[in-house]
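Subject: The two-chain model, and what I found in it

Hello,

Here is the structure I promised to pass on to you. Please open it next to this email and look up the residues as you read.

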Amino acid sequence: MRHLVRSVPQTCPGPSSHLSPLSSAGRQNYDLLVIGGGSGGLACAKEAAQLGKKVAVVDYVEPSPRGTRWGLGGTCVNVGCIPKKLMHQAALLGGMVRDAPHYGWALQPVPHDWTTMAEAVQNHVKSLNWGHRVQLQDRKVTYFNIKASFVDAHMVCGVSKGGKETLLSAEHIVIATGGRPRYPTHIEGALEYGITSDDLFWLKESPGKTLVVGASYVALECAGFLTGLGLDTTVMIRSIPLRGFDQQMSSLVTEYMASQGTRFLRGCTPSRVQRLPDGQLQVTWEDPSSGKEDTGTFNTVLWAIGRIPETRSLNLEKAGVHTSPTSQKILVDAQETTSVPHIYAIGDVAEGRPELTPTAIMAGKLLAQRLCGQSSDVMDYENVPTTVFTPLEYGCVGLSEEEAVARHGEEHVEVYHAYYKPLEFTVAERDASQCYIKMVCLRKPPQLVLGLHFLGPNAGEVTQGFALGIKCGASYAQVMRTVGIHPTCAEEVAKLRISKRSGLDPTVTGC
Amino acid sequence: MFSSLGVECNILELDQVDDGANVQEVLSEITNQRTVPNIFVNKVHMGGCDRTFQAHQSGLLQKLLQEDSAYEYDLIVIGGGSGGLACAQEAAILGKKVMVLDFVVPTPQGTSWGLGGTCVNVGCVPKKLMHQAALLGQELKDARKFGWEYSHQVKHNWETMIEAIQNHIGSLNWGYRLSLREKAVTYVNSYGEFVEHHKIKATNRKGQETYYTARKFVLATGQRPRYLGIPGDKEYCITSDDLFSLPYCPGKTLVVGASYVALECGGFLAGIGLDVTIMVRSILLRGFDQEMAEKVGSYMEQHGVKFLRKFVPVMVQQLEKGSPGKLKVVAKSTEGPETIEEIYNTVLLAIGRASCTRKIGLEKIGVKVNEKSGKIPVNDVEQTNVPYVYAVGDILEGKLELTPIAIQAGKLLARRLFAGSLEKCDYVNVPTTVFTPLEYGCCGLSEEKAIEVHRKENLEVRLSITQP
């Protein structure tokens, strides 16, 4: 039987009553204390230190139920963006290995070794942990590897892995504790037998035949690269894929994945996970439409059903910081200030923010600059570009078609679209059926671009460039006057001419 | 003059009308001429006094005074490449009677190709596919680090790659022919040249001559690679025109030149495993930002491409015939008396491209051609000095040699000629990318040009060195 490793740091004893809320004179250890050493926290801390403040960062990784833990850097570096993109790359390289013979390379199909990849990825992540520690040292930011919780509005108590306590106080406190994957604890066996993205990137052995439960970008990205690496992968989706994203694009994403061999179980929810004598996992699920139950056997069950903010063990009520009753995220205003004037929250833990590294970083830097009196600029969360790194990548910036129609009304929205074929797919004889672009605009001249959606190779690289245009308020008229770079996929964005309204065939032909 | 020709004139005296100044503004916008008289004959803009008298001298004026219906076509486009086809198809969509002539004069090595121009056949498309083949070679190496298990060195087969690429190009040639047919554009696979105003002679591969007339003409004949003018160059060397359909692997290759063509070709040849040397007379990527150009070169050098800087070949000798054979190249230093000799299987010349404007009868109708460059000066509506003759693409003087610009210019030109549009092609801030092993994308001014235009003290340059 597997033992669940769970370390539960003791919470600090409450402050003795003679410790009153600190005034700005005298007893503060730091100008700025940042709780959470991830994308947002580190960016904020380093910026403030650079501007001359005395800064401390506390970071602590509560091991996953499976026992996985990692170093400084937060989700992005350790169990998010970085290892995700590297494994996605490994999967893409598998595709290139298959393309290569078409281009003249004499190579038979080759198998993939998870352990080689995992070791390389994990080594890189560890080098980044190290890099972050060195950076903090260079910028003279004090770093504590302790689990923090509030004692009162200006004081935090941190407990190390070994149980040692440290009291820290600061004039300003930034909460950047991020989030962790949610477990469906109401499902029997979910906690004991399932893993999450926290564990996937640190597995030393291949996960084998995997069931991914969820429809988030995490679920689809993971299922995507697992399939690409040659593993038997099934995705179980309760309702719709990529909720919150443009739904036409989302279904093209899953269509492509299905064409590449990922199996989809739509409209199903798991009810039970059991372990079989041979070590495999048996999952039972319900299909509400038929009312029937079904089972399947897998080596690994990966829960990717959403993330919950790390606020529960912070003792926020001791500081008077309010959270949303529905999401548990910390409520903030446009300046990232919480309900307590000198306490702020950035990144995934803050309510209403995009859960993205670059926005957390930018918000953290701007916050530091404001706190140091260097600027009054506030973070602009509008038109933030992002990319879902599924096997066929989906980059987007601005509004989905549904959002645009909801906001402006269908008669006031014009959508230009195109199905295109990347040149590189031709010789490789790859199916480009889902390579698609659409630009959602206002109908009224000059036709302001409301949203851009690109499905295809290198979507992140393509979308980044056009995000600048949208930030500058580009109109469709300006897009039409932008000359393309040939031959690329990106140029197809500048060549969009067919509107959905016209009903004409949006397939790009010829040169 | 007009009255002596018996021609009825409509004269608008701008100083005698209320909004004369406005009219002058609009005239200036559509004709680029601020002076008066501003003369139009049968809707074609002639120009001022001088141009009109010139046209009278050359017989052009009389031609224009004739009825439109005297011409067989509304538009004849000479050159079926990126610019020509875009213009022709747009004009046809606007309801005009259009002809496209396209003819490929075979290379000294005998290479030829189908409809579509340089981009499709011997430029952008095959270049990008060979670049992709080379990138895949690198990615195969990366794949092992990411866990893909193979232990042997993977070899590249040239013939497999060429066949796949040529098949794709063939499908594009076919696609263009289909597209022209669907739009009712007459396509003639013949060499077009002017014989007199409004009339061209079309000569096909068998030497048969046919004549066609049109109200308007667009020159879109593009360019072909230059040769060095040294002993052995045409006999033994190849160019990009030959490379993309070469039926045998070029082997150990010397690339002469420092253009993006030279670097891109040298780059992908090295990427598929060939021994490549690039001989550069002076700087890399003239006209591009030099700091970036040097980085492009360094990356290539680090990845096995040899550079011979400040040398020019003076002779190419064939030592052995074959596919490939063996060639001896003698080169001289540009800085001193030093000469070097080396043996290669293939010598690829990539020293620049010459416009196809010298032998298409332009002198017969008085179209001005820059003697030195062979390029055609046009105004900002792509009109040559002969009012009914326009030009697009690589042959334009002072413009960019890029497919998307030629296409844009061609389309907009057709709309101005036949749909009353006023929109001109904007040649500013056009992005481009050099598809060398490490790709270089740019838009706007190089650092040098920016300093020249704005002065150093008004500039801030921000740098970043990253690792993907």
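This is a predicted model: local features need pLDDT of at least 70, side-chain atom pairs count only at pLDDT 80 or more; totals for chains, interfaces and linings use all residues.

Residues are numbered from 1 along each chain as its sequence is written, chains are lettered from A and ligands numbered from 1 in the order in which they are written, and side-chain values use heavy atoms, with hydrogens and water left out.

**Where the chains meet**

In this model, 38 residues of chain A are in contact with 46 residues of chain B (contact means heavy atoms within 4.5 Å). The size of an interface is often given as the accessible area lost when the parts come together. Here the two chains bury about 3700 Å² between them, with 72% of it on carbon and sulfur atoms (buried area is the accessible area, taken with a 1.4 Å probe, that two parts lose on being put together, summed over both). How many salt bridges are counted between chain A and chain B? The count is one, and A:Glu424 forms it with B:Lys128, the closest N and O atoms being 2.9 Å apart (a salt bridge is a side-chain nitrogen of Lys or Arg within 4 Å of a carboxyl oxygen of Asp or Glu).

**Positions listed by UniProt**

B:Gly192 lies in strand S6 (residues 191-196) of chain B (helices, H or I with at least four residues, and strands, E with at least two, are DSSP runs numbered from the N terminus). Is B:Gly192 buried or exposed? B:Gly192 is buried, because its relative accessible area is 5% (buried means under 20%, exposed over 50%, partly exposed in between, with a 1.4 Å probe and protein chains only). B:Asp394 sits in the loop between strand S19 (389-391) and helix H13 (403-419) of chain B, and at 17% relative accessibility B:Asp394 counts as buried too.

The unreviewed entry also gives "binding site" for a set of residues including B:Tyr260 and B:Ala262. Although spread over 96 residues of sequence, the residues of this set cluster in space, with a largest C-alpha distance of 13.4 Å. B:Tyr260 is in helix H10 (residues 260-271) of chain B, and B:Ala262 is in helix H10 as well. B:Tyr260 is partly exposed at 32% relative accessibility, whereas B:Ala262 is buried at 0%. Leaving aside neighbours within four places in sequence, B:Tyr260 is in contact with B:Lys127, B:Leu285, B:Glu401 and B:Val434.

**Backbone details to look up**

Most residues other than glycine have a negative phi, and most peptide bonds are trans. A cis peptide bond joins A:Pro445 and A:Pro446, with omega about 0°, and another cis bond joins B:Val36 and B:Pro37, with omega about 0°. A:Asn383 has a positive phi of about 50° although it is not a glycine, and A:Asn458 has a positive phi near 55°.

Enjoy exploring!

Terms used:
UniProt positions are given in the numbering used here, feature names are shortened, and annotations may be inferred rather than shown by experiment.
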